[in-house]
Each structure stands twice: as structure tokens, then as C-alpha cells.
Amino acid sequence: DQIYCEGDYGYATALLGDDNAFSFKAISSTDDGNTGEGDSGNAKEGYDVWTDVKYGVGTNQTMTGEMKQGPGNRPCLITIPGGAFKFCDANAHSSIRDYFSAKNYTVFTLNYTVGENSYPKSIIDVKTAIQYVYDNAATYHIDKNNINVLGCSAGGYLASMASLTGASDFVKEGGTDYTYKVNNYIDFFEATLWMTADFQASDTSPESSYVGKAISTLTETERAAMNPPSYLAATSCKKIYISHGTADTTISENMSKAFFDLCKTSIGENYVHYEALEGANHEDAAFYTDDNLLKVYDYLDVLKEEVGGTSYAYSESKTMTTPSGTETFTTSYRLVLFENGTCTFRNIEDSSVYAGTYTKTGETYSISGLVDENGTQIVGGKDTTPSQGTSVSFIKDGGFEATLIAGAFTPISE
């Protein structure tokens with residue numbers, strides 16, 4: 001059967017095959033002739049848009065994606081919508097896809113198995129989808145070392161399990177270990193700790209239906225296996241971004257706060273960020289505004305520089321006398337060194353980024369030639385000798401010398 005479709009971005013035909021799968025072809029002025037199941041019809045001008053991409057053979061193993069057309073590989077963001085483990089829709093998260101694809105990400109939103117007793121199948125689905133994206137990175141112009149996962153509510157739980165668990169965890173029957181690694185994981189109003197003593201869901205809850213038994217009957221072994229913090233200590237995921245509304249009446253913000261505390265204890269406070277959305281309820285539109293998505297983008301954009309490099313954090317505090325009294329100001333920096341002798345230096349407070357080169361003599365690194373994207377040199381003028389208790393000396397415009405690891409700079413990634 002052929003269906004004629006008219007939408008926001010043009011016109012298309014959709015072919016419903018014998019296996020109930022759709023193939024898609026744009027017939028508007030942006031048509032480039034691409035057809036076939038999961039292919040882009042370019043119905044959004046300047047973008048490749050994919051519908052019903054099959055990442056597995058299951059009925060629900062499909063995803064929707066898009067990317068801005070252009071050369072080169074780019075980061076990937078995989079989003080997982082919620083639905084109380086009862087439903088999901090890969091056409092959701094359109095605002096997230098639009099925002100991040102415009103920022104030159106390849107973005108996918110997943111369907112996955114839902115309904116009663118869908119644990120652990122839904123986790124396997126999500127891990128299978130990430131592996132599919134990893135294996136087909138070249139097709140979708142993706143930097144396979146920069147795959148990020150965002151989940152909301154029940155989708156947040158699945159995102160955490162797919163991002164934090166190991167290569168041999170939740171492997172499908174007859175399958176092989178996963179080879180992908182999630183670079184960063186973003187958690188929106190997640191139902192993270194619903195099987196723990198402090199936040200245990202009721203025996204008639206969607207979570208009980210999801211696992212196919214009353215939560216109160218879970219054994220300690222079962223609880224540990226389905227509890228995301230169980231996997232924090234050994235995870236290869238680099239960083240975690242957690243956000244929750246302060247007025248959430250569905251899932252208490254305290255659950256995300258407790259998860260945040262566990263992350264800080266397990267992987268270190270430099271690896272996790274918490275963002276409270278004041279007055280926001282569950283699935284609140286505030287999570288999907290450009291202003292809020294910019295916070296996530298900025299977080300990922302900082303980390304994007306670290307791919308393939310070794311990163312160090314440094315904070316500088318100065319006490320100054322102001323009309324209102326004595327105040328202490330703290331500025332945080334991030335230095336990333338790459339094996340080819342190049343480096344990046346970012347002021348976290350104002351988001352300014354400089355690129356340069358470095359040399360090493362003993363434990364002292366000489367950073368030089370730091371310029372921003374416009375070619376403007378970093379301004380010196382700081383103390384020419386290290387302040388007491390530090391090991392950083394800004395010696396000239398365009399660079400500085402620093403003792404790393406043993407000095408003021410602290411390593412924040414391997």
C-alpha cells in the first residue's frame with residue numbers, strides 16, 4: 001500500500017510492506033531520490049531525516065533520526081523517551097532532535113519493548129540500538145568515540161542502564177558482548193532508585209508491572225542487578241548530567257538528588273553535574289526549551305574537547321575588597337592535552353576556549369600559542385610567579401607554565 005503524506009517539511013509517500021515496515025521517500029523539491037527502509041528522504045531542507053530505522057528484528061526495535069547535511073563526522077546523541085514502561089514513541093523528542101541536529105549532532109530517538117514483564121528486554125533493546133549506531137557510525141557521519149545518551153523518566157532508567165552497565169551485561173540470547181562505549185549520559189527526571197529501600201515503588205506500580213512481579217518480592221540479587229548505581233564503580237561512561245524539576249509530583253526530586261550523591265561518591269564530583277529546574281513538574285515543557293537544552297549542549301561541548309585527550313581541572317580563588325565588603329571570586333579552568341602536542345584551555349565561567357601547543361620538561365608543562373577561534377591571543381598579565389599554594393605561573397601573553405598532577409591542576413579523566 002502506498003500512502004500520500006503532507007507534513008510540515010514537505011510531501012512524501014510512505015510504502016507499507018508485507019512485514020508492516022514503512023519505507024519513506026520525499027517527493028517535495030528537496031527530494032534527492034533516497035528511498036528504502038530507514039533511508040533519509042531529506043524532507044527537512046538541509047537535513048537528512050530517517051524514519052523507522054530498524055536496529056534489530058523486533059517489532060519495536062526502530063528509531064527516528066536526523067542530522068544536518070555537511071562533511072565530516074560529528075557527535076551523536078541517542079534519546080530515549082519515557083512512558084511508565086507502558087508505551088514509547090520514537091517520534092517524541094522532536095525538539096531535542098531539532099536543537100542538537102542544528103548544533104551538528106546526529107540524533108536518534110528510540111522505540112523499545114514496553115508493557116508487562118518487559119524487563120530486561122527493554123534494556124537489551126537500548127543497548128542493541130547503541131551498538132547498531134556504533135557499528136554504523138560511518139553511515140551516519142558519527143564520531144564513534146563521542147556517542148552520548150539522554151533519557152527521560154522511564155527512558156532515563158533505560159539510558160542509565162545502557163550507559164553504566166558493562167560489555168557483557170544484558171547481552172541478548174546468543175549474542176556477543178557489546179563493544180560500544182557511551183561518552184556521556186544525560187538524565188532527565190529519571191526513575192532511578194525505585195527498587196531501593198528509600199524509594200521503593202508500590203507492588204501495583206508501573207515498575208512492578210515492568211519487572212513482572214511485586215517490587216517487595218525482589219531478592220537482593222535481583223535488586224542489585226536492576227539498580228543503576230550497582231554499575232557506577234566499573235562504568236566506562238565518562239560523565240553524567242542529572243536534571244530534575246523541583247515541583248515533580250510523579251517522581252520525587254529527592255530520588256535524583258540521592259542518585260547524584262551516589263555518583264559523586266562512586267566516580268567523583270568532577271564527573272557528575274546536577275541541574276535543578278525550579279518549579280518544573282514531571283515531563284515539564286521547561287526541559288525541552290532551547291534555554292535548557294543549551295545547558296546540556298554546553299556541558300557536552302566542554303567534554304567534546306576531551307575526546308582523545310587527558311584533561312585537568314584548575315580553580316583559582318582571589319579575595320578582593322568591594323563596596324559591599326570583602327568577597328572571594330573563584331574561576332575554574334579546564335586544560336586538555338593531546339598526544340600530538342596540541343592542547344585546549346577553557347575558562348569555565350565565561351566559556352572562552354583557546355587552542356595552542358605544549359612542551360614538557362620534567363613535570364613542568366609549557367603552554368604556548370593560546371588563541372581563540374578568531375585568532376585572538378589569550379591575555380596574560382597575571383602574577384608572573386605562582387601564588388602561595390599553587391603551581392601555575394602565567395608568564396606571558398599567549399601561554400603559561402604549569403606543574404600538572406602534583407600541582408594545582410587535578411586530573412579529571414584518564
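User: Where does His 282 lie?
Analyst: This is a predicted model, where local features need pLDDT of at least 70, side-chain atom pairs count only at pLDDT 80 or more, and totals for chains, interfaces and linings use all residues. Residues are numbered from 1 along each chain as its sequence is written, and side-chain values use heavy atoms, without hydrogens and water. Helices (H or I, at least four residues) and strands (E, at least two) are DSSP runs, numbered from the N terminus. His 282 lies in the loop between β11 (272–277) and α7 (290–304).

User: Is His 282 buried or exposed?
Analyst: Buried means under 20% relative accessible area, exposed over 50%, partly exposed in between (1.4 Å probe, protein chains only). His 282 has 16% relative accessibility, so His 282 counts as buried.

User: Which side chain makes a polar contact with the side chain of His 282?
Analyst: A polar contact is a pair of N or O atoms within 3.5 Å; within protein, one must be able to donate a hydrogen and the other to accept it, and residues adjacent in sequence count only if both atoms are side-chain atoms. At 2.9 Å, the partner is Ser 153.

User: What kind of aromatic pair do Tyr 157 and Tyr 210 form?
Analyst: Rings of Phe, Tyr and Trp (its six-membered ring) pair if their centres lie within 6.5 Å; planes under 30 degrees apart count as stacked, over 60 as edge-to-face and the rest as tilted. The centres of Tyr 157 and Tyr 210 are 6.3 Å apart. Their planes stand at 85°, so the pair is edge-to-face.

User: How many residues apart are Tyr 157 and Tyr 210?
Analyst: Tyr 157 is in helix α3 (residues 154–164) and Tyr 210 in helix α4 (residues 206–211). The pair links distant parts of the chain, and the separation is 53 residues.
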